Amino acid sequence: MACRGLCGFHVWLQILLLWQQTESQAVCTLILDGGPKTTTMGENQQSPNFNQYVREQGATTDELSRRQTRIYQLYSRTSGKHIQVQGKRISATAEEGDMFAKLIVETDTFGSRVRIKGAESEKYICMSKKGKLIGKPNGKGRDCIFTEIVLENNYTAFQSARYSGWYMAFTRRGRPRKASRSRQNQREAHFIKRLYRGQRPFPNQAEHQHFEVVGFPPTRRTKRTRSRRPMT
């Protein structure tokens, strides 16, 4: 009985020493590593990239959201006139308030992709594979979608959604410039949005005159007024 009690005491003593050695090794490891570290679930998971999500969603057509429609004119920085849509012909030679310069801009996604349509001609501004601007009755294709980019100088540039790096641009004479030669930092690709107020009235139009003209019968000049005064 004495041997059994002594042997059991030695076993418990060895277990206690082994436990103390394990605890001391753990403390030394924590000190060398710079303190305790806490781990959480999903430590190895990457944080979501919201910028990439916005780019991917902005590159697709949104069929669920309600599309917003805006009406304005686009003033060309180079030609000094406004963009007009006359059937298939696109130019930047319209004056302020011209009926062909009235544009209807429809949003394509929640981002900055838009479709531009002439209110009078009902044709969309599209870009061909050769980089030319043409008017089409159906603007559902990607060649009729442009990305609206607001520049640092408060001008706006329109980049083709189908042909990356190609911009809507016009020459000094208001003719469309080849999109493959246009760049974002060029004056030919800069535009200003202006509200459409309609055609300005001609000053002599009767409906805009705020005064009455009173007519007098013609008078005859007398002989005294017709005679020349003597030279002095």
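Biologist: What should I know before we start?

Modeller: The model is predicted: local features need pLDDT of at least 70, side-chain atom pairs count only at pLDDT 80 or more, and totals for chains, interfaces and linings use all residues. Residues are numbered from 1 along each chain as its sequence is written, and side-chain values use heavy atoms, with hydrogens and water left out.

Biologist: How many helices and strands does the protein have?

Modeller: The protein has 3 helices and 10 strands. Helices (H or I, at least four residues) and strands (E, at least two) are DSSP runs, numbered from the N terminus. From that end, the order is α-α-β-β-β-β-β-β-β-β-β-β-α.

Biologist: Why is Cys126 called buried?

Modeller: Buried means under 20% relative accessible area, exposed over 50%, and partly exposed in between (1.4 Å probe, protein chains only). Cys126 has 0% relative accessibility, so Cys126 counts as buried. Cys144 has 1%, so Cys144 counts as buried too. Buried residues make up 29% of the 232 residues in the protein.

Biologist: What makes Cys126 and Cys144 a disulfide?

Modeller: A disulfide is a pair of cysteine sulfur atoms within 2.5 Å. Here the S to S distance is 1.8 Å, and a disulfide joins Cys126 to Cys144. The search of the whole structure finds 1 disulfide.

Biologist: Why is the disulfide of Cys126 and Cys144 called right-handed?

Modeller: The torsion about its S-S bond is about 95 degrees, so the disulfide is right-handed. The pair links distant parts of the chain, 18 residues apart. Cys126 sits in strand β6, and Cys144 in the loop between β7 (133–136) and β8 (146–150).

Biologist: What makes a group of residues a nonpolar core?

Modeller: The members are buried Ala, Val, Leu, Ile, Met, Phe, Trp, Tyr and Cys residues, joined through side-chain atoms within 4.5 Å. The largest such core has 21 residues. Ile83, Ile116, Ile125 and Met168 have the most contacts inside it. Two or more residues each come from β1 (69–76), β2 (82–86), β3 (89–94), β4 (103–107), β5 (113–118) and β6 (124–127). Apart from this core lies another, of 7 residues, including Ile149, Tyr155, Tyr167 and Ala189.

Biologist: Which residues are in contact with Ile125?

Modeller: Contact means heavy atoms within 4.5 Å. Leaving aside neighbours within four places in sequence, Ile125 is in contact with Ile83, Val85, Ile90, Ile116, Leu133, Ile134, Cys144, Phe146 and Met168.

Biologist: How do you know that β4 is mostly covered?

Modeller: Count its residues: 5 of 5 are buried. Leu103, Val105 and Thr107 point one way, while Ile104 and Glu106 point the other way. In a regular strand the side chains alternate between the two faces of the sheet.

Biologist: How do you know that β4 pairs with β1 and β5?

Modeller: Two strands pair if DSSP finds at least two bridges between them. For β1 and β4 there are 4 bridges, so by that rule they pair. For β4 and β5 there are 5, so they pair as well. β1 and β4 run antiparallel, and so do β4 and β5. Ile71 has Ile104 in β4 as its bridge partner, and Leu103 has Gly118 in β5.

Biologist: Is Thr156 buried or exposed?

Modeller: Thr156 has a relative accessible area of 5%, so Thr156 is buried. Thr156 is in strand β9 (residues 156–160). Not counting residues up to four places away in sequence, Thr156 touches Glu148, Ile149, Ala189, His190, Phe191 and Lys193.
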